[in-house]
Amino acid sequence: MMKNLIITLLLTGTALTASAQRAKKASLIFSEYLAAVSSGNPKAAASFFTEDGYMEAPYVAAFGMPAKFQGHDVIEATMAGLLKLAPNFHFTGMKVVSETPNQLVAEYESEATTATGRPYKMQYIGVITLKNGKIFSHKEYLNTVPFVEALFPNGLKDLIK
């Protein structure tokens, strides 16, 4: 069947459309996104999102930023701001909890050293929804204890003003 399809395409000169190609798995797209973030390239990371895509990360509010950020420019700017707090931030692993063609639930980890020299490791869980092969929504939650310990040396005293 596939051989006949290829011969037909060659004879007719018809190009194979994106919808006829096999779609990437959600876990592969998310893994590539994590690699882009790990490389320290917020623009590349934001490009994995649809134009109307958004990320929701409640812990970001601790820095006075919105917990939900939408659109390439806002996602890129927020990631750039976060990377300034931990310039060597990178993801170290990912485990798929569940996956469908358009949704992924994953656990993943990161390591970094803050700009002030404090090393830390984070554990996350994320729910990722795809639309047309790109990330439409990424809802990310993390274990807040190491987050507060690393980025707020005086613990909750730094957060409560």
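Visitor: How many helices and strands does the protein chain have?
Guide: In this predicted model, local features need pLDDT of at least 70 and side-chain atom pairs count only at pLDDT 80 or more, while totals for chains, interfaces and linings use all residues. Residues are numbered from 1 along each chain as its sequence is written, and side-chain values use heavy atoms, with hydrogens and water left out. Helices (H or I, at least four residues) and strands (E, at least two) are DSSP runs, numbered from the N terminus. Their order in the protein chain is α-α-α-β-β-α-β-β-β-β-α-α, and the totals are six helices and six strands.

Visitor: What percentage of the 161 residues of the protein chain count as buried?
Guide: Buried means under 20% relative accessible area, exposed over 50%, and partly exposed in between (1.4 Å probe, protein chains only). Of the 161 residues, the share that counts as buried is 33%.

Visitor: Is Ser-110 buried or exposed?
Guide: Ser-110 is placed in strand β4. Contact means heavy atoms within 4.5 Å, and, leaving aside residues up to four places away in sequence, Ser-110 touches Phe-89, His-90, Phe-91, Thr-92, Tyr-120, Lys-121, Met-122 and Tyr-124. Because its relative accessible area is 1%, Ser-110 is buried.

Visitor: Which residue has a side chain joined to that of Ser-110 by a polar contact?
Guide: A polar contact is a pair of N or O atoms within 3.5 Å; within protein, one must be able to donate a hydrogen and the other to accept it, and residues adjacent in sequence count only if both atoms are side-chain atoms. At 3.0 Å, the side chain of Ser-110 has such a contact with that of Tyr-124.

Visitor: Which class of accessibility does Val-97 count in?
Guide: Val-97 belongs to strand β3 (residues 90-100). Because its relative accessibility is 45%, Val-97 counts as partly exposed.
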